[in-house]
Every structure is written in C-alpha cells, then in structure tokens.
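Hi,

Here is the structure I said I would pass on.

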Amino acid sequence: RGLYHQGWWNAFLGKPGLTETSHSSLVYGEDGKCYWYSQTTSPSNSDDTMLSFILTDSRTGVSKEYELHGRTAGTAEAALGAVAQKVSNFRGYHPASAIPYNVYGHLAYVSPVLGQTHMFQRVAVTDVSCQIVGVGDDLNTALQEFRALIGQSSGNSVSPTQSSKTRTITVRV
C-alpha cells in the first residue's frame, strides 16, 4: 500500500500502483463519532484524481478505505478550483477549505466562500466529480441549488431527495 506498494525498490524505479494521501480533515459521521478523513491519490503531479478515501475513527484508530471505481473523482484542491471558477464573477471571492460530506447520496465537498477581507460570504457544495457546484448565501440555499443541479445532470426533471420512493396513487374523479 501507499509508497512501498510492490516493494521498496518500486518507490524509486517503476512506481506503478503507488498512492499517497493528500488532503486530511476532521469530519463527523452519522453516528456522531469523529473521524479523520484522508484522500488517496497517485504521486504524479499531473494527476488530479482521487482514487479512494480513508475514514479513521479518531478514538479507536480503526480505519476503513472506500475505493472510488468507474468515475473520475477530483481531489479537494480540484473542488476548490471548481468553486473558484463558479464565484469568479464576484470580485475577491475565494473558497476556503473543502470538507467532505455525503449529500443526497453523493460524495460532495462543502466549503465556505470568503470575500476580499476573508469574511464569510456564501457556501458552496461541490460534487466529487467537480462538475456540479451549488452556491448559495447560506447552506440551505446551496443545498437547494445542488439538489436541482443533480436532478438536471441525471436527465430527470425531478430533483433527488434524501429518501426517494415511487408511489402509484389511484384516485376517483
């Protein structure tokens, strides 16, 4: 795993299959526990994709890795770049740290957007693919825009909710 995958010499010679952790932050799970979140990426400077992320229980030290297969996942730095592009029409606005969350079943980064004086101005929610960015004056507004954009991107005219169920209703008119 990591730097010494396939042996010590591989770290210096061929380097296939190497990974390294980049962004780390403290997050809270649904169970109320505190976890260290770390994302893994390749050591190449030209590669801006996340291969997996690791959640480590801050109390017990037990780690679990979640691999991301079949999709291009941007790192937290890529998410901040997508937010910066979205708010570029506001003079001096820039995103701060990106914190990962499960938003409507999507791995997403939530980040505050700051002004020139580094005061809070907006909130941004960015899908891990960095293609969908919802921005709002507060978290609820940003989540509403994010939900609408997810609905549009999947080809549906209906936006997803936290718990979606299809029901058939028969009504006599």
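**What I found**

Of the 173 residues in the protein chain, 35% are buried (under 20% relative accessible area with a 1.4 Å probe and protein chains only; over 50% is exposed, and in between is partly exposed). Before you read on: this is a predicted model, where local features need pLDDT of at least 70 and side-chain atom pairs count only at pLDDT 80 or more, while totals for chains, interfaces and linings use all residues. Numbering starts from 1 along each chain as its sequence is written, and side-chain values use heavy atoms, leaving out hydrogens and water.

The protein chain has 2 helices and 9 strands (DSSP runs numbered from the N terminus: H or I of at least four residues for helices, E of at least two for strands). From the N terminus on, the order is β-β-β-β-α-β-β-β-β-β-α.

On to the aromatics. Rings of Phe, Tyr and Trp (its six-membered ring) pair if their centres lie within 6.5 Å, with planes under 30 degrees apart called stacked, over 60 edge-to-face and the rest tilted. That rule gives 3 aromatic pairs. One of them is Tyr37 with Phe53, a tilted pair at 5.6 Å centre to centre and 35 degrees between the planes. Tyr37 sits in strand β2 (residues 34-41) and Phe53 in strand β3 (residues 52-57), so this pair links distant parts of the chain, 16 residues apart. Phe53 also pairs with Tyr66, this time stacked, at 5.1 Å and 20 degrees. Tyr66 belongs to strand β4 (residues 63-67), so the pair ties together parts 13 residues apart in sequence.

Last, helix α1 (residues 76-86). Its buried residues include Ala76, Ala78, Ala79, Ala82 and Val83. An α-helix has 3.6 residues a turn, so residues three or four places apart point the same way.

Cheers
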